[in-house]
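Please read these points with the model open beside you. Each can be checked by finding the residues by number.

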Amino acid sequence: MAAPKPLCRFWEWGKNIVCVGRNYADHAKEMRSPVLSEPVLFLKPSTAYAPEGSPVLMPAYTRSLHHELELGVVMGKRGCAVPEAAAMDYVAGYALCLDMTARDVQDECKKRGLPWTLAKSFTASCPVSAFVPKEKIPDPHNLKLWLKVNGELRQEGETSSMIFSIPYIISYISKIMTLEEGDIILTGTPKGVGPVKENDEIQAGIHGVVSMTFKVERPEY
């Protein structure tokens, strides 16, 4: 019998990275986007994972790489059409995540009515912190997130400001696609997104819980 896969290294074997857009009203406002009645979803491939110690890679085709700070929810078991009232039973823990975005590419995709894949799904576009077991975060809707670039505070937000709650998001997504153990859901970013450039240092954290540091590099290819 195969040994169980360690959730503490979910990025090595987890299949799906499901991202929620526009889940903070202030971010939707800064992006000049309407607040919607249902979540906006997009996907990243598992090769987007960049655990701490590896760099954030800036694609050659963008001139405007932006940071988006997000709480990630790591699934602990398979779920399909999960009732909202039972959704938290499917959560194994959390991680701090960055949804790195080629903003100029995304803007062009929006203008042309194209998917956001080129802007959101490139290699190392999802830096992640260490895994945080669910028991260490009694209330994921009462967390303070922060991000600094080269020591300057850029993003600061509270998960209490989410438009769609974590149970609602899990239930909503699982009615569209089956979620599996090791999958992660990125729950949206607060306001303050902005550009980074090659050699910048990004520091981010969940206040009192976990922090992480990444360097921005250009890939060699």
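The numbered points below go through sheets, a helix, a loop residue and some ring contacts.

1. Ground rules. This is a predicted model, in which local features need pLDDT of at least 70 and side-chain atom pairs count only at pLDDT 80 or more, while totals for chains, interfaces and linings use all residues. Residues are numbered from 1 along each chain as its sequence is written, and side-chain values use heavy atoms, with hydrogens and water left out.

2. The five-strand sheet. Start with the open sheet whose order is S4-S16-S15-S11-S12 and whose pairing is mixed. Helices (H or I, at least four residues) and strands (E, at least two) are DSSP runs, numbered from the N terminus. Two strands pair if DSSP finds at least two bridges between them. At the edges stand strand S4 (56–57) and S12, and each pairs on one side only.

3. Strand S15 (residues 201–206) and strand S16 (residues 210–217) are antiparallel and share six bridges. Across this pair, Ile 202 has Phe 214 as its bridge partner, and Ala 204 is opposite Met 212. The hairpin of S15 and S16 has three residues between the strands, and in it Gly 208 takes a positive phi near 75°. S4 and S16, by contrast, run parallel and are joined by two bridges; here Val 56 stands opposite Val 216.

4. The two faces of S16. Which residues of S16 make up the covered face, and which the uncovered one? Val 210, Met 212, Phe 214 and Val 216 are on the covered face, whereas Ser 211, Thr 213, Lys 215 and Glu 217 are on the uncovered face.

5. The three-strand sheet. Another open sheet has the order S8-S5-S14, and its pairing is antiparallel. Strand S8 (101–102) and strand S14 (194–196) each have a single partner strand, so one side of each is left without a neighbour in the sheet. Strand S5 (residues 65–67) pairs with S14 over three bridges, and His 66 stands opposite Pro 195 in S14.

6. Helix H4. Is helix H4 (residues 166–174) mostly covered or uncovered? The helix is mostly covered, with eight of its nine residues buried. Buried means under 20% relative accessible area, exposed means over 50%, and partly exposed lies in between (1.4 Å probe, protein chains only). The buried residues of H4 include Ile 166, Pro 167, Ile 169 and Tyr 172. Among the elements covering them are strand S1 (17–21), strand S2 (40–44) and strand S7 (91–98).

7. Thr 159. This residue is in the loop between strand S12 (152–158) and H4. Why does Thr 159 count as buried? Thr 159 counts as buried because its relative accessibility is 1%. Its side chain reaches the backbone oxygen of Pro 140 at 2.7 Å and the backbone nitrogen of Asn 142 at 3.2 Å. A polar contact is a pair of N or O atoms within 3.5 Å; within protein, one must be able to donate a hydrogen and the other to accept it, and residues adjacent in sequence count only if both atoms are side-chain atoms. Contact in general means heavy atoms within 4.5 Å. Leaving aside neighbours within four places in sequence, the residues in contact with Thr 159 include Tyr 24, Leu 71, His 141 and Leu 145.

8. Aromatic pairs. How many aromatic pairs does the structure hold? The structure holds six. Rings of Phe, Tyr and Trp (its six-membered ring) pair if their centres lie within 6.5 Å; planes under 30 degrees apart count as stacked, over 60 as edge-to-face and the rest as tilted. Phe 10 and Tyr 49 form an edge-to-face pair, at 5.7 Å centre to centre with 75° between the planes. This pair links distant parts of the chain: Phe 10 is in the segment before S1 and Tyr 49 is in strand S3 (residues 49–51), 39 residues apart.

9. Charges over rings. A charge sits over a ring if NZ of Lys or CZ of Arg is within 6 Å of the ring centre and within 35 degrees of the ring normal. The charged end of Lys 77 sits over the ring of Tyr 90, 4.6 Å from its centre. Lys 148 lies over the face of Trp 146, at 5.6 Å from the ring centre.
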